[in-house]
Amino acid sequence: MKVLIVEDEVRVANFLRKGLREAGHDVDAVANGQKACECVANTEYDMILLDWMLPDTSGIDLCLDWRKQALRIPIIMVTAKDTTHDLISALDGGADDYLIKPFALAELFARMRALHRRSSEIPPKATFKLDDLVLDWASREARRSKDQIYLSPREFSLLEFFFRNLGKTISKRELSEQVLGVHHDANTNLIEVHINHLRNKLDCGSKRPLIHTIRGVGYVLKVLEQ
Ligand code: CA
């Protein structure tokens with residue numbers, strides 16, 4: 001894989017660069033946001049490892065900017081921040097996964113493989129429909145009736161996962177591990193927070209809610225029989 005490391009801490013950058021090169025990856029490493037943007041504009045990367053606190057910007061702001069520019073390269077945030085709030089900010093900012101320092105290279109590699117597999121499995125174009133809800137993969141747009149719905153990258157991934165498992169009850173563990181790419185922790189309400197955001201956008205004001213809670217099991221996307 002062609003990997004870009006954005007990290008201003010020399011020790012961490014060297015550790016990552018050495019480990020990734022030994023694992024056979026082609027690596028560029030930069031230490032600030034400006035250089036990262038130049039790299040991304042000039043080179044096609046398969047993966048970006050992005051530090052949160054950079055000297056000239058934050059990893060979250062970089063991530064948001066890139067996603068606004070429709071850059072779809074898988075991004076893993078690598079950071080010392082570890083609260084649920086931080087995690088939600090990173091994922092809502094467009095990061096695909098999140099790794100807390102210090103970490104083992106083996107875990108990073110496993111996450112990179114999983115993320116690469118997920119991103120390369122997605123077909124280039126797909127439109128999903130259920131009732132009056134439409135999710136257009138190519139344009140990254142969702143609509144309900146004729147109303148356009150803005151979804152964060154994370155909400156988009158969740159909804160796409162629901163569509164790919166239409167009518168099937170999905171557990172919080174599956175959502176944590178397969179969509180958010182984090183270990184499921186029953187003590188956090190991370191999934192509930194995301195589902196609530198998604199529900200507010202999709203089902204708010206509709207007489208036909210589409211995301212349903214199956215108590216003690218998980219969630220399902222479907223039209224309820226009247
Ligand atoms: Ca830093």
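Reply: The side chain of S206 makes a polar contact with the side chain of R144, at 3.3 Å. A polar contact here is a pair of N or O atoms within 3.5 Å; within protein, one atom must be able to donate a hydrogen and the other to accept it, and residues adjacent in sequence count only if both atoms are side-chain atoms. This is a predicted model, in which local features need pLDDT of at least 70 and side-chain atom pairs count only at pLDDT 80 or more, while totals for chains, interfaces and linings use all residues. Residues are numbered from 1 along each chain as its sequence is written, and side-chain values use heavy atoms, with hydrogens and water left out.

S206 sits in the loop between helix 8 and strand 11 (211-214). Helices (H or I, at least four residues) and strands (E, at least two) are DSSP runs, numbered from the N terminus. With a relative accessible area of 24%, S206 is partly exposed; buried means under 20%, exposed over 50%, and partly exposed in between, with a 1.4 Å probe and protein chains only. From S206 to L91, which is 115 residues away along the chain, the C-alpha separation is 27 Å.

R144 is also touched by D132, whose other contacts are R143, S145 and R208, leaving out residues up to four places away in sequence. Contact means heavy atoms within 4.5 Å. D132 belongs to the loop between strand 6 (127-130) and strand 7 (133-136), and its side chain makes a polar contact of 2.9 Å with the side chain of S145.

The backbone of these loops has some points to note. Most residues other than glycine have a negative phi, and most peptide bonds are trans. S145, in the loop between strand 8 (141-144) and strand 9 (147-149), has a positive phi of about 50° although it is not a glycine. D131, in the loop between strand 6 and strand 7, has a positive phi as well, near 55°. S145 counts as partly exposed because its relative accessibility is 48%, and D131 counts as partly exposed at 40%. Elsewhere, the peptide bond from K101 to P102 is cis, with omega near -5°; P102 is in the loop between strand 5 and helix 5.

Another side-chain pair involves helix 7, where K172 is found. The side chain of K172 makes a polar contact with that of E192, at 2.8 Å. Beyond four places in sequence, K172 touches E192 together with H184, I191, V217 and Y219. K172 is partly exposed, at 29% relative accessible area. Its C-alpha is 9.4 Å from that of L190, 18 residues away in sequence.

Two or more lining residues come from each of helix 4 (84-92), strand 5 (97-100), helix 5 (105-121), helix 7 (172-180) and helix 8 (190-202).

Helix 4 has D86, L87, I88, A90 and L91 as its buried residues. Among the elements that cover them are helix 3 (59-68), strand 4 (75-79), helix 6 (153-164) and helix 8. After helix 4 comes G94, with a positive phi near 110°.

Last, the metal site. The calcium ion is coordinated by D8 (OD), D51 (OD) and M53 (O), at 2.1 to 2.3 Å. Donors are N, O and S atoms within 2.8 Å of the metal (3.2 Å for Na, K and Ca); water is not among the atoms, so sites may look incomplete. The donor residues follow the spacing D-x42-D-x1-M. D51 is buried at 5% relative accessible area, whereas M53 is exposed at 53%. D51 is also one of the contacts of V6, a residue of strand 1 (residues 2-6) that counts as buried at 1%.
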